[in-house]
Amino acid sequence: MSFEQYKPVLEKALALIPSQCAVTILADRGFVHAEFIRWVTQQGWSWHIRGKVDTKITVASGISYSAQDFCPPSDEAVLVPSVTILEDIGSFDIEMEKRY
């Protein structure tokens, strides 16, 4: 589903939610769209997206990796600071965890 298809739902939510409310969007891997993340960020909302293992993550040094490269052992988590995703969405920290 493209961002343009669900953007009207987000705009409706924006109109209904009081401006003083803190909003966090939780989304599944199908929502890893640059337009979506930019729009949510422009509204001052935070976001948590379960990404795909092949999502490209660029670390502060400029080196890019697949998200899978950061996956920890089962039931553990790792924090990767100051990353960029989707070429230009950054700088933020990501938490990777694996639950099996």
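Helices (H or I, at least four residues) and strands (E, at least two) are here DSSP runs, numbered from the N terminus. The structure is a predicted model, in which local features need pLDDT of at least 70 and side-chain atom pairs count only at pLDDT 80 or more, whereas totals for chains, interfaces and linings use all residues. Residues are numbered from 1 along each chain as its sequence is written, and side-chain values use heavy atoms, with hydrogens and water left out.

**Confidence**

The protein averages a pLDDT (the predictor's confidence in each residue, from 0 to 100) of 88, and 98% of the residues score at least 70. Confidence is highest in helix 1 (residues 3-16), at a mean of 95, and lowest in strand 6 (residues 89-98), at 76. Where pLDDT is low, the predicted coordinates should not be read in detail.

**The largest pocket**

A pocket is, on a 1 Å grid over the protein atoms alone, an open set of points where a 1.4 Å probe fits, with protein on both sides within 12 Å along at least five of seven lines, and its lining residues have an atom within 4 Å of a point. The volume, which is the space filled by probe spheres set on points joined across faces, edges and corners, is about 980 Å³ for the largest pocket. This pocket is lined by 27 residues, and Ile 49, Arg 50, Gly 51, Glu 95 and Met 96 lie nearest its centre. Strand 1 (24-27), strand 2 (46-49) and strand 6 are the elements that give two or more residues to the lining, and strand 6 supplies the largest share, seven residues. By class, the lining holds 15 nonpolar, four polar and eight charged residues, where Ala, Val, Leu, Ile, Met, Phe, Trp, Tyr, Cys and Pro count as nonpolar, Asp, Glu, Lys and Arg as charged, and the others, Gly among them, as polar.

Buried means under 20% relative accessible area, exposed over 50%, and partly exposed in between (1.4 Å probe, protein chains only). In helix 2 (residues 34-42), the buried residues are Ala 34, Phe 36, Ile 37, Trp 39 and Val 40; what covers them, by contact (heavy atoms within 4.5 Å), includes helix 1, strand 1, strand 2, strand 5 (76-85) and strand 6. Just after helix 2, Gly 44 takes a positive phi of about 80°.

His 33 lies in the loop between strand 1 and helix 2, and it counts as buried because its relative accessibility is 19%. Its side chain is joined to that of Tyr 6 by a polar contact of 2.8 Å, a polar contact being a pair of N or O atoms within 3.5 Å, of which, within protein, one must be able to donate a hydrogen and the other to accept it, while residues adjacent in sequence count only if both atoms are side-chain atoms. Leaving aside residues up to four places away in sequence, His 33 touches Met 1, Ser 2, Phe 3, Tyr 6 and Leu 86.

Thr 58 is found in strand 3 (residues 56-58), and its side chain makes a polar contact of 2.7 Å with the side chain of Ser 64. Beyond four places in sequence, Thr 58 touches Ile 63, Ser 64, Ser 82, Val 83 and Thr 84.

Ser 82 is found in strand 5 and, though not a glycine, has a positive phi near 50°. Asp 75, in the loop between strand 4 (64-66) and strand 5, is likewise not a glycine and has a positive phi of about 65°.

| Residue | Relative accessibility | Class |
|---|---|---|
| Thr 58 | 17% | buried |
| Ser 82 | 33% | partly exposed |
| Asp 75 | 63% | exposed |
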